[in-house]
Amino acid sequence: MSNWVDETRIALDNVVDNVQNIFTPHLRLGVTGLSRAGKTVFITSLIHQLIEGNNLPLFKPLAEGRIIGAKLSPLPNHTMPRFGFEEYLKALTGKDRHWPTSTRQISELRLTIKYQSASWVGGITGPQELHIDIVDYPGEWLLDLPLLNKSYAEWSTDAFERASEPARSDLAKNWKLFSNAIKPDSDIVEADAQALSEAFKTYLAECREDVHALSALPPGRFLMPGDLEGSPALTFAPLPPQSGTKPNNSFYATMEKRYEAYKDLVVRPFFRDHFARLDRQIVLVDTLSALNAGPAAVQDLQGAISEILSCFRTGSNNILTSLFSSNIDRILFASTKADHLHHTSHNQLELILNHLVANAARDAQYKGAATSSIALSSVRATREGEVEHEGEMLPTIIGTPQKGEKLDTKTYNGKTEIALFPGELPQKPESVFDPEADHIGQLKFLRFCPPAPETTDSGNIKLPHIRMDRAIEFLIGDKLQ
Ligand code: GDP
């Protein structure tokens, strides 16, 4: 589909959105982040916190007593998969509590907030409603958008350059062996194309594993296929750049055609139908996993943030934003799972993420929507305490470790809980890139079970969190004035 057709459709959709906005004000909030960054848990907590309204002291409209209530409403778009809020909340708070199933594809949910406006107009008009359409989508798909600006040869060059970086070169060996055996000029053999593509996907998947925790790994559907699982549309791989045009049925030309088809049939529709219609965006980042994996993973994470920011950049040289005028006016980067740290480290985690976002913005020559960084925990799975270690009192976190976690810490209070000193984050954010820095190899992050449910005085379930109220205030507070 040509760009001007996209452009017209996006413009029309935006007109329809704006007209609808006059009658039923709404805000489309995108929630993204790479696999296991914490999207499902974040959205479940966000909705629960807003419906219950009992645990958000820094969310101003609530603190000012102007929120009358919040409830789920039917989805405006009947073809979109619905975010499984009820099932996920039950998983987190039910008898056999466990973390819910992670995001595998795009889904949506509408939350309607009834509130009293703070302005004098509100006194005349009475209570108002704001629909918040929460759109959950894999960050891997967002990292595909820069492909719209890249030819097959450019993407292949990037992929081979990245694969030669020290953190990736060993993992890429097998795929490169397959790749070297391919003759780009010879006729395509489907079995070879499949084997090559599988080897490339295996390499990408290994890069994502916890020990490496690498982030920038397009094409996104190779890792997060959604409804394209097993589809032949995903049977391609990069090949070393070639000179001259290749015969139509050659291996190279076929790979190039499939790459272009992927852009047209997968990336562009996602961009046009979903991304281009968002008003606000939160990008969840698992900074702690990257810190745990070491400086190469942190550098890679910064590269991924830079690619993400390039999707939101406004400017004439960006095909994405030249297609439409972006609605997005705020982007929040959130470092999730802050409950893995003692509260004395939360500001430090926020500073580290802020440093990565600032570097990434510089690299991407970012100009556009306001950005902010925060450290949060959607569902706080730990409490805090102190333990004595060699005469020194160390700040610890206390929680129930998930099955399968390797423990070198004592059982706490005779329960299944453990008290853990997670280590200290580097004081200077720039030392996250230093392989000799003190924190390297010293940080200990365990996976904890969700917390035992708490109830309020009125018997409602209370999900503990860290700084969710600040995130909610940044994302929607001004829309409830
Ligand atoms: P998604 O792939 O982005 O949807 O990630 P999920 O929301 O499914 O989260 C992935 C995993 O991260 C969960 O299964 C939990 O183990 C963990 N997790 C997510 N949020 C939190 C949090 O706030 N605190 C803790 N301790 N763990 C979390």
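These questions and answers concern an open sheet and the cavities of a predicted model.

Reader: Which strands stand at the edges of the open sheet of 3 strands?
Author: The strand order is β8-β9-β10, and the pairing is antiparallel. Each edge strand has a single partner, so one side of it is left without a neighbour in the sheet. The strands in that position are β8 (383-389) and β10 (418-420).

Reader: What does the twist average from one strand to the next?
Author: The open sheet has the order β8-β9-β10. From one strand to the next, the twist averages 45 degrees.

Reader: Which element gives the most to the lining of the largest cavity?
Author: The count is 5 cavities of 30 Å³ or more, and the largest holds about 80 Å³ of space. Its lining includes W155, R162, F200 and Y203. Two elements give two or more residues to this lining, α7 (152-163) and α10 (190-208). The one that gives the most, with 4 residues, is α7.

Reader: How many charged residues are in the lining of the largest cavity?
Author: Among the lining residues are D158, R162 and R168, and Asp and Arg count as charged. The lining divides into 8 nonpolar, no polar and 3 charged.

Reader: How many polar residues are in the lining of the second largest cavity?
Author: This cavity holds about 50 Å³ of space. Its lining includes E140, R208, S215 and G220. Alongside 4 nonpolar and 2 charged residues, the number of polar ones is 2.

Methods:
Residues are numbered from 1 along each chain as its sequence is written. This is a predicted model: local features need pLDDT of at least 70, side-chain atom pairs count only at pLDDT 80 or more; totals for chains, interfaces and linings use all residues. Side-chain values use heavy atoms; hydrogens and water are left out. Two strands pair if DSSP finds at least two bridges between them. Axes are lines fitted to C-alpha atoms, for helices over the stretch in contact, and angles run from 0 to 180 degrees between N-to-C directions. On a 1 Å grid over the protein atoms alone, a cavity is a set of points where a 1.4 Å probe fits but cannot get out, and a pocket is an open set with protein on both sides within 12 Å along at least five of seven lines; lining residues have an atom within 4 Å of a point. Grid points are joined across faces, edges and corners, and a volume is the space filled by probe spheres set on the points.
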